[in-house]
Amino acid sequence: MEKERNSAGNATSAERRPLSESKTPSRIFWVILSVILFFTIVGISVVVILSFAHRTSKPVLQIVRLTFQNHQGSQMNQSAFVDKSKSTVTYHVTSPSNHTTVVLFDSKNGYVCYKPADQNACYLRKMDDWDFENVQMSFNLSEHRLNQLLLQNNQTKYYREFLGILPGRQAIAGGVGEAIRTLCEQTSIYWVRKGDGPGKKRLIYLCIDICFPSNVCLSVCFYYLPD
(Lines give C-alpha, C1' and ligand atoms only; values in the text may rest on other atoms or scores of the structure.)
Protein backbone atom coordinates (compact mmCIF):
# COMPACT_ATOMS: atom_id res chain seq x y z
CA MET A 1 0.00 0.00 0.00
CA GLU A 2 2.83 2.30 0.93
CA LYS A 3 4.61 1.41 -2.26
CA GLU A 4 1.52 2.39 -4.23
CA ARG A 5 1.42 5.77 -2.46
CA ASN A 6 5.08 6.39 -3.20
CA SER A 7 4.51 5.41 -6.78
CA ALA A 8 1.53 7.75 -6.98
CA GLY A 9 3.56 10.57 -5.38
CA ASN A 10 6.41 10.03 -7.80
CA ALA A 11 3.99 10.07 -10.67
CA THR A 12 2.43 13.31 -9.44
CA SER A 13 5.87 14.95 -9.05
CA ALA A 14 6.77 13.82 -12.51
CA GLU A 15 3.61 15.42 -13.82
CA ARG A 16 4.24 18.71 -11.96
CA ARG A 17 7.89 19.03 -12.96
CA PRO A 18 7.25 19.91 -16.64
CA LEU A 19 4.77 22.60 -15.57
CA SER A 20 7.31 24.43 -13.36
CA GLU A 21 9.99 24.00 -15.97
CA SER A 22 7.68 25.50 -18.61
CA LYS A 23 7.20 28.62 -16.46
CA THR A 24 10.96 29.30 -16.27
CA PRO A 25 11.45 30.33 -19.95
CA SER A 26 8.38 32.54 -19.70
CA ARG A 27 9.84 34.42 -16.72
CA ILE A 28 13.20 34.86 -18.46
CA PHE A 29 11.43 36.25 -21.54
CA TRP A 30 9.53 38.86 -19.53
CA VAL A 31 12.67 39.85 -17.58
CA ILE A 32 14.61 40.35 -20.82
CA LEU A 33 11.73 42.28 -22.39
CA SER A 34 11.50 44.53 -19.30
CA VAL A 35 15.24 45.25 -19.44
CA ILE A 36 15.04 46.08 -23.16
CA LEU A 37 12.07 48.41 -22.62
CA PHE A 38 13.85 50.14 -19.70
CA PHE A 39 17.01 50.86 -21.69
CA THR A 40 14.94 51.92 -24.71
CA ILE A 41 13.06 54.49 -22.62
CA VAL A 42 16.30 55.72 -21.05
CA GLY A 43 17.94 56.02 -24.49
CA ILE A 44 15.02 57.99 -25.94
CA SER A 45 15.01 60.32 -22.91
CA VAL A 46 18.75 60.99 -23.26
CA VAL A 47 18.40 61.74 -26.98
CA VAL A 48 15.50 64.15 -26.35
CA ILE A 49 17.38 65.96 -23.56
CA LEU A 50 20.58 66.28 -25.62
CA SER A 51 18.73 67.52 -28.70
CA PHE A 52 16.87 70.12 -26.63
CA ALA A 53 20.10 71.27 -24.96
CA HIS A 54 21.76 71.49 -28.38
CA ARG A 55 18.93 73.64 -29.71
CA THR A 56 18.92 75.97 -26.74
CA SER A 57 22.72 76.34 -26.80
CA LYS A 58 22.69 77.69 -30.35
CA PRO A 59 22.87 81.47 -30.54
CA VAL A 60 19.63 83.11 -31.57
CA LEU A 61 20.53 85.21 -34.60
CA GLN A 62 17.70 87.24 -36.10
CA ILE A 63 18.00 89.50 -39.14
CA VAL A 64 15.87 92.65 -39.28
CA ARG A 65 15.96 94.51 -42.60
CA LEU A 66 15.14 98.19 -43.01
CA THR A 67 14.60 100.18 -46.17
CA PHE A 68 14.72 103.95 -45.82
CA GLN A 69 15.71 107.20 -47.44
CA ASN A 70 18.49 109.28 -45.96
CA HIS A 71 18.18 113.03 -45.47
CA GLN A 72 19.38 113.54 -49.05
CA GLY A 73 16.60 111.32 -50.42
CA SER A 74 18.84 108.41 -51.46
CA GLN A 75 17.51 104.89 -51.04
CA MET A 76 19.39 102.96 -48.35
CA ASN A 77 19.32 99.28 -47.50
CA GLN A 78 20.16 98.19 -44.01
CA SER A 79 20.29 94.84 -42.21
CA ALA A 80 20.43 94.46 -38.44
CA PHE A 81 21.83 91.17 -37.13
CA VAL A 82 20.49 90.65 -33.62
CA ASP A 83 22.40 88.16 -31.48
CA LYS A 84 20.86 88.01 -28.02
CA SER A 85 23.30 85.34 -26.83
CA LYS A 86 26.14 87.86 -27.24
CA SER A 87 24.02 90.96 -26.49
CA THR A 88 24.99 92.52 -29.81
CA VAL A 89 23.21 94.24 -32.69
CA THR A 90 25.24 94.63 -35.88
CA TYR A 91 24.05 96.99 -38.61
CA HIS A 92 25.18 96.60 -42.21
CA VAL A 93 24.35 99.79 -44.10
CA THR A 94 24.66 99.63 -47.89
CA SER A 95 24.84 102.87 -49.83
CA PRO A 96 23.49 103.44 -53.37
CA SER A 97 27.06 102.93 -54.63
CA ASN A 98 27.00 99.44 -53.05
CA HIS A 99 29.49 100.21 -50.27
CA THR A 100 28.72 98.63 -46.92
CA THR A 101 29.50 100.14 -43.54
CA VAL A 102 29.23 98.14 -40.32
CA VAL A 103 28.04 99.58 -37.01
CA LEU A 104 28.20 97.24 -34.01
CA PHE A 105 26.38 97.82 -30.71
CA ASP A 106 27.83 95.63 -27.96
CA SER A 107 25.60 96.11 -24.91
CA LYS A 108 27.48 93.47 -22.93
CA ASN A 109 30.69 95.50 -22.95
CA GLY A 110 29.01 98.89 -23.47
CA TYR A 111 30.63 99.93 -26.76
CA VAL A 112 29.60 101.19 -30.19
CA CYS A 113 32.03 100.42 -33.01
CA TYR A 114 31.98 101.92 -36.51
CA LYS A 115 33.78 100.29 -39.42
CA PRO A 116 33.40 102.50 -42.51
CA ALA A 117 33.41 100.97 -45.97
CA ASP A 118 36.73 100.81 -47.82
CA GLN A 119 38.73 101.94 -44.80
CA ASN A 120 41.29 100.12 -42.74
CA ALA A 121 40.15 101.61 -39.44
CA CYS A 122 37.49 101.20 -36.73
CA TYR A 123 36.13 103.91 -34.46
CA LEU A 124 35.02 103.16 -30.93
CA ARG A 125 33.00 104.97 -28.28
CA LYS A 126 31.09 104.09 -25.14
CA MET A 127 27.35 103.48 -25.30
CA ASP A 128 24.94 105.95 -23.70
CA ASP A 129 21.36 105.47 -22.47
CA TRP A 130 19.88 106.15 -25.90
CA ASP A 131 22.09 103.43 -27.42
CA PHE A 132 20.95 100.89 -24.85
CA GLU A 133 17.31 101.74 -25.56
CA ASN A 134 17.77 101.13 -29.29
CA VAL A 135 19.50 97.83 -28.66
CA GLN A 136 16.65 96.72 -26.41
CA MET A 137 14.13 97.69 -29.08
CA SER A 138 16.00 95.54 -31.61
CA PHE A 139 15.92 92.64 -29.14
CA ASN A 140 12.17 93.06 -28.75
CA LEU A 141 11.66 93.05 -32.52
CA SER A 142 13.68 89.86 -32.85
CA GLU A 143 11.38 88.14 -30.33
CA HIS A 144 8.40 88.92 -32.58
CA ARG A 145 10.31 87.47 -35.56
CA LEU A 146 9.97 90.62 -37.65
CA ASN A 147 12.41 90.48 -40.55
CA GLN A 148 11.30 93.43 -42.66
CA LEU A 149 10.60 97.01 -41.62
CA LEU A 150 9.70 100.02 -43.71
CA LEU A 151 10.17 103.31 -41.95
CA GLN A 152 7.49 105.95 -42.36
CA ASN A 153 9.44 108.65 -44.17
CA ASN A 154 6.93 111.37 -43.33
CA GLN A 155 7.38 110.58 -39.63
CA THR A 156 11.09 109.83 -39.60
CA LYS A 157 13.22 112.16 -37.50
CA TYR A 158 16.66 112.99 -38.88
CA TYR A 159 19.53 114.04 -36.68
CA ARG A 160 23.23 114.67 -37.16
CA GLU A 161 25.78 113.46 -34.66
CA PHE A 162 29.42 114.56 -34.60
CA LEU A 163 32.18 112.27 -33.38
CA GLY A 164 35.67 113.61 -32.90
CA ILE A 165 38.55 111.21 -33.61
CA LEU A 166 41.14 111.34 -30.84
CA PRO A 167 44.57 111.35 -32.55
CA GLY A 168 47.03 108.85 -31.14
CA ARG A 169 44.38 107.24 -28.93
CA GLN A 170 44.10 103.65 -30.09
CA ALA A 171 42.03 101.14 -28.15
CA ILE A 172 43.63 97.97 -26.85
CA ALA A 173 42.10 95.08 -28.79
CA GLY A 174 42.12 92.79 -25.76
CA GLY A 175 39.83 95.08 -23.78
CA VAL A 176 37.04 95.75 -26.27
CA GLY A 177 35.28 92.39 -26.22
CA GLU A 178 35.16 89.46 -28.61
CA ALA A 179 32.58 90.90 -31.03
CA ILE A 180 34.49 94.12 -31.72
CA ARG A 181 37.81 92.32 -31.75
CA THR A 182 36.48 89.98 -34.46
CA LEU A 183 35.00 92.85 -36.50
CA CYS A 184 38.20 94.90 -36.39
CA GLU A 185 40.66 92.06 -36.73
CA GLN A 186 44.02 93.33 -38.06
CA THR A 187 42.56 96.84 -38.08
CA SER A 188 43.46 99.82 -35.93
CA ILE A 189 40.76 100.89 -33.46
CA TYR A 190 40.58 104.60 -32.60
CA TRP A 191 38.65 106.18 -29.77
CA VAL A 192 36.06 108.83 -30.65
CA ARG A 193 33.89 111.10 -28.54
CA LYS A 194 30.76 113.12 -29.18
CA GLY A 195 31.29 116.78 -29.95
CA ASP A 196 29.66 119.92 -31.29
CA GLY A 197 31.22 119.63 -34.72
CA PRO A 198 34.50 120.47 -36.44
CA GLY A 199 33.95 124.22 -36.59
CA LYS A 200 35.26 126.31 -39.43
CA LYS A 201 38.90 125.29 -39.20
CA ARG A 202 38.42 121.54 -39.58
CA LEU A 203 36.72 119.43 -42.20
CA ILE A 204 34.32 116.53 -41.76
CA TYR A 205 36.21 113.32 -42.48
CA LEU A 206 33.23 111.06 -43.35
CA CYS A 207 29.55 110.49 -42.52
CA ILE A 208 27.58 107.30 -41.90
CA ASP A 209 23.78 107.19 -42.26
CA ILE A 210 22.01 104.72 -40.02
CA CYS A 211 18.35 104.28 -39.04
CA PHE A 212 16.77 102.60 -36.05
CA PRO A 213 13.41 100.85 -35.46
CA SER A 214 12.36 103.88 -33.39
CA ASN A 215 11.94 105.75 -36.71
CA VAL A 216 15.01 107.86 -36.00
CA CYS A 217 17.82 108.25 -38.53
CA LEU A 218 21.28 109.52 -37.70
CA SER A 219 23.95 110.95 -39.93
CA VAL A 220 27.08 110.20 -37.90
CA CYS A 221 29.91 112.48 -39.04
CA PHE A 222 33.56 112.10 -38.02
CA TYR A 223 36.24 114.75 -37.80
CA TYR A 224 39.75 114.91 -36.33
CA LEU A 225 40.22 116.62 -33.01
CA PRO A 226 43.34 118.74 -32.48
CA ASP A 227 46.36 117.03 -30.94
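Colleague: Where is Leu 163 found?

Modeller: In this predicted model, Leu 163 is part of strand β8, which covers residues 157-170.

Colleague: Is Leu 163 buried or exposed?

Modeller: Leu 163 is buried, because its relative accessible area is 0% and the buried class takes in values under 20%.

Colleague: Which residues does Leu 163 touch, setting aside those up to four places away in sequence?

Modeller: The residues in contact with Leu 163 are Tyr 114, Arg 125, Val 192, Arg 193, Lys 194, Val 220, Cys 221, Phe 222 and Tyr 223.

Colleague: And how far apart are Leu 163 and Gly 197 in sequence and in space?

Modeller: In sequence Leu 163 and Gly 197 are separated by 34 residues, while their C-alpha atoms lie 7.5 Å apart.

Colleague: Turning to charges, how many salt bridges does the count come to?

Modeller: The count comes to four salt bridges. One of them joins Glu 161 to Arg 125, with 4.0 Å between the closest N and O atoms. Glu 161 belongs to strand β8 and Arg 125 to strand β6 (residues 121-126), so this pair ties together parts 36 residues apart in sequence.

Colleague: Are Glu 161 and Arg 125 buried or exposed?

Modeller: Glu 161 counts as buried at 11% relative accessibility, and Arg 125 counts as buried at 5%.

Colleague: Which residue forms a salt bridge with Lys 194, with the closest N and O atoms 2.5 Å apart?

Modeller: That residue is Asp 128. Lys 194 lies in strand β9 and Asp 128 in the loop between β6 and α2, so the bridge ties together parts that are 66 residues apart in sequence. Lys 194 is partly exposed at 41% relative accessibility, and Asp 128 is partly exposed with a relative accessible area of 25%.

Colleague: What do the side chains of Glu 161 and Lys 194 meet in?

Modeller: They meet in a salt bridge, at 3.2 Å from N to O. With Glu 161 in strand β8 and Lys 194 in strand β9, the pair ties together parts that are 33 residues apart in sequence.

Colleague: Which residues are linked in the network of salt bridges?

Modeller: The network links Arg 125, Asp 128, Asp 131, Glu 161 and Lys 194.

Colleague: Now the aromatic residues. How many aromatic pairs are there?

Modeller: The count comes to nine aromatic pairs. Among them are Tyr 111 and Trp 191, whose ring centres are 5.8 Å apart and whose planes stand at 65°, so the pair is edge-to-face. Tyr 111 is in strand β5 (residues 111-115) and Trp 191 in strand β9 (residues 188-195), so the pair ties together parts that are 80 residues apart in sequence.

Colleague: Are Tyr 111 and Trp 191 buried or exposed?

Modeller: Tyr 111 is buried, with a relative accessible area of 14%. Trp 191 also counts as buried, at 18% relative accessibility.

Colleague: What aromatic pair do Tyr 114 and Phe 222 form?

Modeller: Tyr 114 and Phe 222 form an edge-to-face pair, 5.4 Å centre to centre with 80° between the planes. Tyr 114 lies in strand β5 and Phe 222 in strand β11 (residues 216-224), so the pair ties together parts that are 108 residues apart in sequence. Tyr 114 is buried, with a relative accessible area of 2%, and Phe 222 is buried at 0% relative accessibility.

Colleague: Which residues form the aromatic cluster?

Modeller: Tyr 91, Phe 105, Trp 130 and Phe 212 form one aromatic cluster.

Colleague: What about Thr 88: where is that residue found?

Modeller: Thr 88 is in strand β3, residues 88-94, and counts as buried at 6% relative accessibility. Beyond its neighbours within four places in sequence, Thr 88 has contacts that include Phe 81, Leu 104, Phe 139 and Ala 179.

Colleague: Changing topic, which residues does the UniProt "transmembrane region" annotation cover?

Modeller: According to the unreviewed UniProt entry, the annotation covers residues 28-53 and 203-225. In the model, residues 203-225 are 0% helix and 78% strand, and the end C-alpha atoms of this span lie 10 Å apart.

Colleague: Finally, which residues make the nonpolar surface patch of about 280 Å²?

Modeller: Ile 28, Ile 32 and Ile 36 make that patch. Ile 28 is located in helix α1, residues 2-57, and is partly exposed, with a relative accessible area of 48%.

Technical notes
Residues numbered from 1 in each chain as written. Predicted model: local features only at pLDDT ≥ 70, side-chain atom pairs only at ≥ 80, totals over all residues. Heavy atoms only, no water. Patch = residues over 30% accessible without salt bridge, like charges linked within 9 Å, V, L, I, M, F, W, Y side chains within 5 Å. Areas by Shrake-Rupley, 256 points an atom, 1.4 Å probe, with all protein chains shown as cover. Helix = DSSP H or I, 4+ residues; strand = E, 2+ residues; numbered from the N terminus. Buried < 20%, exposed > 50% of the residue type's maximum accessible area, 1.4 Å probe, protein only. Contact = heavy atoms within 4.5 Å. Phe/Tyr/Trp six-rings, centres within 6.5 Å; stacked < 30°, edge-to-face > 60°. UniProt positions renumbered as here; feature names shortened; annotations may be inferred.
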